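User: I have a structure open and want to learn to read its features. Can we take them one at a time?

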Amino acid sequence: MSVVTQVERGLGELRLKRAEGTRTSVMTHVAWAPPQWEAAARKTLAGLEELHPSRTILLFPDPKRPDGIDVHVDLKCFTVEGTSHEVCSDVIELRLGGKRTRVPGSIVQPLLITDLPTFCRWRGLPPWGEPELEQLVDVCDRLVVDSSEWRGLPGAYEELAKHFDRIAVSDIAWGRAVGWRGRLAAEWPAIKKMRKLSVTGPKADALLLAGWLRSRLRKEVQLSHRASEQLEAVAVDGEAVPPPRGGPPNPSDLLSAELDQFGRDRIYEAAVKSL
Amino acid sequence: MSSAQSENPLLEGLRLRRSADPCAIVVFGASGDLARRKIFPALYSLALRRLLPERVGIVGVARTEQTTAQWIAEMKQAIKEHARDELRADVWKDLSEGMRYVSTDFADAHGEDVVVEALRDLDEKRGTAGNRLYYLAVPPAAFETIVNELGQRRGTEGWTRLIVEKPFGHDQESAKRLNEILLAHFSESEIFRIDHYLGKETVQNMLALRFANGIFEPIWNRQFIDHVQITVAESMGIGGRAAFYEQAGVIRDVFQNHLLQLVALTAMEPPIDFTADSVRNEKVKVLKSLHTPGPKSVVRGQYGRGFVEGEEVRGYREEDGVATDSTTDTFIAAKLYVDNWRWADTPFYVRAGKRLARRETTIAIQFQRAPHPPFAEIAGDGLRPNVLLIHVQPDEGVSLAIGAKVPGAGMNIRTVHMDFLYGGAFRTGLPEAYERLILDAMLGDATLFTRADEVDEQWALVDSIVAAWKRDRPSFPNYEAGTWGPRAADDLIHRDGRSWRRH
């Protein structure tokens, strides 16, 4: 039985059992999560499903497993607040083994919902130039990455920038710093004369802030970085910038915000290119 | 946006939430029902989502003698009962630290001095920078004194804005007078006349549905639409509002504002942009185009005893505070015409009432029948016209009734609904109308508020209907509670060979 048949049959049976549930999707959400990212991917999705009802296709690639595809389908149903209506979305889990890890495009394409946008969340560092990445870039409308998950920065940004003309790119590290960018923007016009940016936080966040300032102010900005898990402090020429309101956003909210974006983010692209 | 901001390259592409300037919010009527049920729960929800400015203070003004601490405790309880979110201690602590209460009679000029003092204190301690948002949730009798006092004492620093609750007058003349009082001290851009229906997501979605979807606008006219039905039905009675309701009736309580605004949004031309004046210019054109309905095109009613949701309920004349021979209307149905090129000869059947069979606000666009369905003879009753149904409340969403073939031999057609359920597609939780409106007023965006000329046109229509009513004495009650209104309302639409939508 083909993967598509298994999926459609499985979902059909589940829908029959939950005849009252309305099916709703606003997108197809493809998540590529190698074994070391599986737990994190599931956790993020758990917080996301209610906000973005979508057909979710979870791809768990493991080249070491025997060649083949294991299919598991589920319906995630939620009661609409204040009503008795139930709304259900499809969740399709595909475990790709052996050579199948190299051909995700052909597996995903027949499962996409026609006419709705397709977002691909790629966990970890994308394998630049490899067929799995190239194929998903070709079938998705938007590639969502989190460059703070990457090693080899800032070099990896150069590889990412090569994809800007092929697919819209979102970076969760970029979204995480939006509050700090707001604070820095509020320093205008004094910030025009800045020379040095000091950041305590993940390396990706620090690099992107520096790249943003370089590209927007059209000048060299020196970066001093102190590693930390969270983006904790930012200073301009030694002067601390007041932190944005509220605590750091959670991963589900960050991904959710990226899934609300459709076009290319030219400001982000310029920041990346200036690194 | 100031020129300094527009020059700032760091703002480009920055997807920051709209944030309001620091300000002090002054709520007149701060111990009233509206404050407890709507205004303070909305302020709390805005605070929780960090949509209030960082530097904000709130002054509650009311006649009730109590201390600030007592009032804060009362508002905390109100938020627990009525807010859509759980009370979070840290958010409430931050918000309540900037709350002050002033007990005064609104007619007492000295009371205004105390308010001014509290505002100065907030400017100093909370950095509210002289910006003022006054919320007038007070009975009409207190309105003039408060507006005059505020106008005479307005500061030179910062901005001043006024949110004015309904009822905005009781006829065209009184509304004109209220506008004169307001405009003597404030400009139109500083006045925010609230109609909370406009803050509802589904009402705003009407604009999105019409103007963001290319498929609807070409057929949104007399050529393709047979008629429009708008229903604003409540199953509740008048609660404790007898004094107000006896004076107002459904025509002033709902028809004059919510219902006519829904007509305007349904019938308006596309605005050139989504700025306050562009949208309101188009709405006012519709209101000006409304043909005054003759007596035969308006039905009024009043409920008698009956059963609502299985419970026996009293008739209107038996409600506390209502005269036993009251002729106040609790139901209205009317056939309206928008006399313009788009809508000529297309009736808008509207109805609103208390103690109807269920709570429901809907706009139903009924399209013309298919001109020559080849299976008309065999399809029988199943072949109904398409209806686009906009559910404003409850079950917010849109559904389209289409004819579909019943599986099997033959060509049986049955009407099925394609549903878009708002809460299903966007599971972010719909904000309360008051949240959106208070935030917009803080931001100075008047798009979802009614302008003086809109109010004027709405009253002009109501006055003409009420004038005709003065000539006769109705035989009330004329409908049972828990039904869909008087039989005459059915006759009104049956005369045209149509019927109210089935519920």
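User: Is helix 8 of chain A largely enclosed or open, and how many of its residues are buried?

Analyst: Keep in mind that this is a predicted model. In helix 8 of chain A, 14 of the 15 residues are buried, so the rest of the structure largely encloses it.

User: What span should helix 8 of chain A have?

Analyst: Count 1.5 Å a residue: the 15 residues, 203–217, should span 21 Å. The C-alpha atoms at the ends of helix 8 are 21 Å apart, which agrees.

User: Which residue follows helix 8 of chain A?

Analyst: R218(A) does, and its phi is positive, near 55°.

User: How is a pair of aromatic rings described?

Analyst: Use the distance of the centres and the angle of the planes. The count over all chains comes to 17 aromatic pairs. One of them joins F28(B) and Y134(B): 6.3 Å centre to centre, with 35° between the planes, hence tilted. The pair links distant parts of the chain. F28(B) lies in strand 1 (residues 23–28) of chain B, and Y134(B) in strand 4 (residues 132–136), 106 residues apart.

User: Are F28(B) and Y134(B) buried or exposed?

Analyst: Both F28(B) and Y134(B) are buried.

User: Which residues form one aromatic cluster?

Analyst: In chain B, Y245(B), Y303(B), Y316(B), F331(B) and Y479(B) do.

User: Where does the charged end of R181(A) sit?

Analyst: Over the ring of W174(A), 3.6 Å from its centre. In chain B, the charged end of R161(B) sits over the ring of W159(B), 3.8 Å from its centre.

Methods: Residues numbered from 1 in each chain as written. Chains lettered and ligands numbered in written order. Predicted model: local features only at pLDDT ≥ 70, side-chain atom pairs only at ≥ 80, totals over all residues. Heavy atoms only, no water. Phe/Tyr/Trp six-rings, centres within 6.5 Å; stacked < 30°, edge-to-face > 60°. Helix = DSSP H or I, 4+ residues; strand = E, 2+ residues; numbered from the N terminus. Buried < 20%, exposed > 50% of the residue type's maximum accessible area, 1.4 Å probe, protein only. Lys NZ or Arg CZ within 6 Å of the ring centre and 35° of its normal. Expected span 1.5 Å × (residues − 1).
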